[in-house]
Amino acid sequence: MAKAEGAEHRFGLNTREAWWADPPPGPQGGGPDKLRWPIFAIGFTLPYLLPVTKTLLKAESVTPLVIVMWLLVYGYALSYAFFPLAFERRRPARFAYGAGMLALGLAVVGVVGANPFVMLYGTAAVVFLIPPAWVVILDSAALVLGAVVLLLTGRFLDNYGDLITVASVTLAMFFMSSLVRAVRRLEAANQEIATLAVANERERLARDLHDLLGHSLTTITVKAGLARRVLESAGDIPRAVEEIREVESLTRSALSDVRATVSANREVSLSVELVGARAALRAAEIDADLPHAVDNVRPEFQNTFGYVLREAVTNVLRHSGAKRVRVRLGGNWLEIEDDGTATDVVAGNGLRGLAERLTAAGGTLRTSVRPGGGLLVRAEIPRPEPSPATPAVRAEPAGGLA
């Protein structure tokens, strides 16, 4: 509901900002085609130019007033032909153009005696150039002044119908321009959404690769170091070969996971992560107190908790200097505790990535320092509200300690 209201406020005319905002630019500045518009302008203005020109040609002599009339008539038509150029100008220039068109239209009606319908060229131009609030103000003022001109020249009763037609067509164009502006804003919003989607996908991929490679490479490093120490200290070739085989297996697994992650097909399993954590901690000679099973964790939370366990164990292997790690599981929570040397919480890329995952799932990640040193990481996701139609089932916790 909140999103729908936000979209309505952004694209409609029900906020003050929308009424006073400039028209959004179109693909090529937002105006008509500059090359074809003069041709259309000639076709649009011929119904106005032909009768007025015919009337002016009947003048018995060329007087200053007649010259002014010719200038007004064709200056108005020429200004209409330059309509597309106004879209590329700043707001003051667009205001000046729109006000000038309205003034020329009123002058043609008052001085030349043309039909008030010619005012439509000016009112329509204003509709597409300036903010909606100013459109209402300027066009309404022009229509009122047009009515005053008709009253002063004694033509109001004969031409008020045409003035009403101008007002009606201008109103229709006002709503049409509002629709055009809304469409342009939607197009801009779609482009923004596409850009954000690409950025979010990049962040997701970077986070997944960090979680994946960080753990795998850390485990490989630990096992390779163990194999080196075995060879250097005891010369136990069979054990060193076994460790190197596990390094090879981990490398192949990491390569497969990278490919699957890039194609967005990889799923993390909490039970598999427990097995991997046990092997990695054992290789690093860290005492691991881990559950045997994950049956007591809700199935919809296991994927997220798998990422949490992986990153937490990776941090222990890299930074903690711990001798013992303890993991506890609940229906909607996971705790990883170590006895390392950490005395404060430093949120790196891994913890930030986990926090983002849990936030997306509606949960929270809390990291705190244990008394005497070491970290406690707790991930928790609220249980979904039970459906009234679904009977409650008592579930016994499963799993034990390694």
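A salt bridge here is a side-chain nitrogen of Lys or Arg within 4 Å of a carboxyl oxygen of Asp or Glu. By that criterion, the side chains of Arg 378 and Glu 380 meet in a salt bridge, at 3.3 Å from N to O. The model is a predicted one, in which local features need pLDDT of at least 70 and side-chain atom pairs count only at pLDDT 80 or more, while totals for chains, interfaces and linings use all residues. Residues are numbered from 1 along each chain as its sequence is written, and side-chain values use heavy atoms, with hydrogens and water left out.

## Charged pairs

Let us stay with the charged side chains for a moment. Side chains of opposite charge can pair when their charged atoms come close. A search of the whole structure finds twelve salt bridges.

| Glu 273 | Arg 310 | 2.9 Å |

Glu 337 is partly exposed at 22% relative accessibility, and Arg 370 is partly exposed at 25%. As for the pair we began with, Arg 378 is buried at 18%, whereas Glu 380 is partly exposed at 25%. Salt bridges that share partners also join Asp 287, Asp 289, Arg 324 and Arg 328 into one network.

## The sheet

Helices (H or I, at least four residues) and strands (E, at least two) are DSSP runs, numbered from the N terminus. Two strands are taken to pair if DSSP finds at least two bridges between them. Strands of a sheet pair through backbone hydrogen bonds, either parallel or antiparallel.

Five strands make up an open sheet in the order 1-2-3-5-4, with mixed pairing. At its edges are strand 1 (287-289) and strand 4 (364-369), each pairing on one side only. From one strand to the next, the twist averages 10 degrees.

Strand 1 runs parallel to strand 2 (residues 324-329), and three bridges join them. Strand 3 (residues 333-338) is antiparallel to strand 5, with five bridges between them; here Glu 335 stands opposite Arg 378. Strand 4 and strand 5 are antiparallel as well, joined by six bridges, and Ser 368 stands opposite Leu 376. These two strands form a hairpin with five residues between them, and Gly 372 in the turn has a positive phi of about 90 degrees.

Helix 12 (residues 349-360) lies across strand 4 and strand 5, running at about 145 degrees to strand 4. For such angles, axes are lines fitted to C-alpha atoms, for helices over the stretch in contact, and angles run from 0 to 180 degrees between N-to-C directions.

## After strand 5

Pro 382 is found in the segment after strand 5 (375-380). Pro 382 counts as exposed, at 53% relative accessibility. Contact means heavy atoms within 4.5 Å; leaving aside residues up to four places away in sequence, Pro 382 touches Phe 301, Asn 332, Gly 362 and Gly 363.

## Nonpolar cores

A nonpolar core is a set of buried Ala, Val, Leu, Ile, Met, Phe, Trp, Tyr and Cys residues joined through side-chain atoms within 4.5 Å. The largest has 42 residues, and those with the most contacts inside it are Tyr 48, Val 108, Val 118 and Met 119. Helix 5 (91-112) is among the helices that each supply at least two residues, and its nine residues are the largest share. Apart from this core lies another of 32 residues, including Ile 286, Leu 317, Leu 365 and Ala 379.

Note on methods: Buried < 20%, exposed > 50% of the residue type's maximum accessible area, 1.4 Å probe, protein only.
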